[in-house]
Amino acid sequence: MLCILATEQKNELNITSRCITELEAMLDGVSETAQQWIAQAGRSARMASSVLARVPHEARQNALRQAASALRDEEAAILAANAIDLERSNASAAFRDRLTLTRSRVAAMADGLEQIADLPDPLSRVLSEWERPNGLRIRRIAAPIGVIGMIYESRPNVGADAAGIAIKSGNAVLLRGGSESQHSARAIHKAMQAGLRKAGLPEEAVQIAPDTDRAYVAAMLAGNQVLDLIIPRGGKSLVERVQKEARVPVLAHAEGLCHTYIHKAADREKARSILANAKMRRTGICGATETLLIDAAIAGSLLPVLVEDLSALGCTFRADDAARAIMPGLPAASDADFDTEWLDAILSIKVVDGIDAALAHIARHGSEHTEAIITEDEAAAEYFLSHVQSAVAMWNASTQFCDGGEFGFGAEIGIATGRIHARGPVGPEQLTTYRYLVLGNGQIRP
């Protein structure tokens with residue numbers, strides 16, 4: 001599905017066009033080589049996942065700590081691989097930011113694995129337990145999903161996050177990174193498998209497609225009866241195509257069109273600080289605020305200050321008629337602008353008449369990812385939080401806190417915005433399902 005590109009996104013045209021071409025072609029057919037790979041990789045991953053599901057929690061913890069150590073040991077090799085990817089990339093600054101690895105980002109990947117290791121065992125949980133009148137005792141217990149396919153684009157750290165969360169939750173994962181990050185992805189994958197080997201666990205628990213041939217994506221989408229779940233992480237075109245064509249369940253969000261609503265009872269300085277962070281901390285992530293909603297009661301005095309703050313940080317704007325009546329120099333917003341996930345230093349602005357108008361705008365234009373209200377009125381905050389339908393709702397906090405690490409998950413495998421299974425940041429607990437144990441004492445059914 002082609003996306004309409006705003007003028008400011010023309011610097012993304014080359015990478016977007018390439019991705020669209022890749023997506024259009026990837027399902028033309030699955031080559032015999034790709035079929036053989038998915039069958040073999042899937043079988044070995046299934047066996048590896050059964051091992052992970054049975055071993056003590058300490059063994060999975062050890063694998064994650066060994067993988068973290070391997071990432072640190074291989075830092076120079078990972079950064080050298082990333083330098084090759086960056087040299088070959090001619091994408092925008094926002095896209096390059098997602099692609100770029102630094103020493104601190106490699107360290108953060110390793111730290112994230114250790115944080116995942118320290119979390120409670122997601123497989124040791126008795127979710128519910130009860131006894132029937134006939135004496136049968138029934139337990140609902142957490143269990144791994146099985147074998148997960150992870151298709152992702154520019155962020156190479158996704159491979160480490162996905163592998164770490166899968167190992168923790170007793171799942172195996174098949175990875176297919178984007179062609180733009182192929183060297184980085186392989187260097188990270190090598191470290192993850194080293195951690196598994198050092199912990200005495202099967203390295204087949206984390207596998208990566210042999211190369212960037214589109215046939216491997218098609219093979220994963222076909223499932224071939226070896227994948228239990230596919231998680232796409234990347235641009236809207238990728239996610240929508242996976243959701244459309246996959247023959248196995250998909251856990252994903254198509255875009256992060258997040259809103260920050262400044263209520264009439266907002267603290268002025270909190271509003272300035274939170275909005276600047278929510279929009280400009282990292283503009284290319286899915287938790288970045290794309291639209292500012294501001295109450296008409298305070299827009300006249302506060303909006304010029306907010307625009308000045310963000311302009312100083314390099315932000316540009318698209319504003320509705322009410323906002324432009326306050327600041328005539330702002331560029332006009334089209335209806336399509338409010339449907340756009342900018343992933344860049346661009347902010348859509350709309351002046352609204354109260355909470356219900358803000359909620360109506362979010363319902364019409366949002367993607368059910370993350371929304372925030374800034375207010376000192378507790379009743380107003382509670383009303384907003386209980387009525388907005390997005391996966392994550394926040395009060396007096398930056399939307400960029402929608403992140404697995406910030407939620408205490410160590411990392412995340414993605415943000416889920418669907419209504420089935422997980423919602424919000426997907427960590428180890430969200431990559432489990434459940435099964436039942438029924439304990440009897442000779443009962444038979446009449």
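In what order do the 3 strands of the antiparallel open sheet stand? Some notes on that, and on a second sheet.

1. Bear in mind that this is a predicted model: local features need pLDDT of at least 70, side-chain atom pairs count only at pLDDT 80 or more, and totals for chains, interfaces and linings use all residues. Numbering starts from 1 along each chain as its sequence is written, and side-chain values use heavy atoms, with hydrogens and water left out.

2. The order is β1-β2-β15, in an open sheet with antiparallel pairing. Strands here are DSSP runs (E, at least two residues), numbered from the N terminus, and two of them pair if DSSP finds at least two bridges between them. β1 (126-131) and β15 (432-439) each have a single partner strand, so one side of each lacks a neighbour in the sheet. On average, neighbouring strands are turned by 20° against each other, direction ignored; axes are lines fitted to C-alpha atoms.

3. β2 (residues 137-144) meets β15 over 8 bridges, antiparallel. If you want a spot to look at, isoleucine 141 sits opposite arginine 435 in β15.

4. The other open sheet has 4 strands, ordered β5-β4-β3-β6 and paired in parallel. Its edges are β5 (206-208) and β6 (229-233), each pairing on one side only. The twist from one strand to the next averages 20°.

5. β4 (residues 172-176) and β5 share 3 bridges in the parallel sense, and leucine 175 has isoleucine 208 in β5 as its bridge partner.

6. Helix α9 (residues 214-222; helices are DSSP runs of H or I, at least four residues) packs on this sheet, touching β3 (147-152), β4 and β6. Contact means heavy atoms within 4.5 Å. The direction of α9 makes about 140° with that of β3; angles run from 0 to 180 degrees between N-to-C directions, with helix axes fitted over the stretch in contact.
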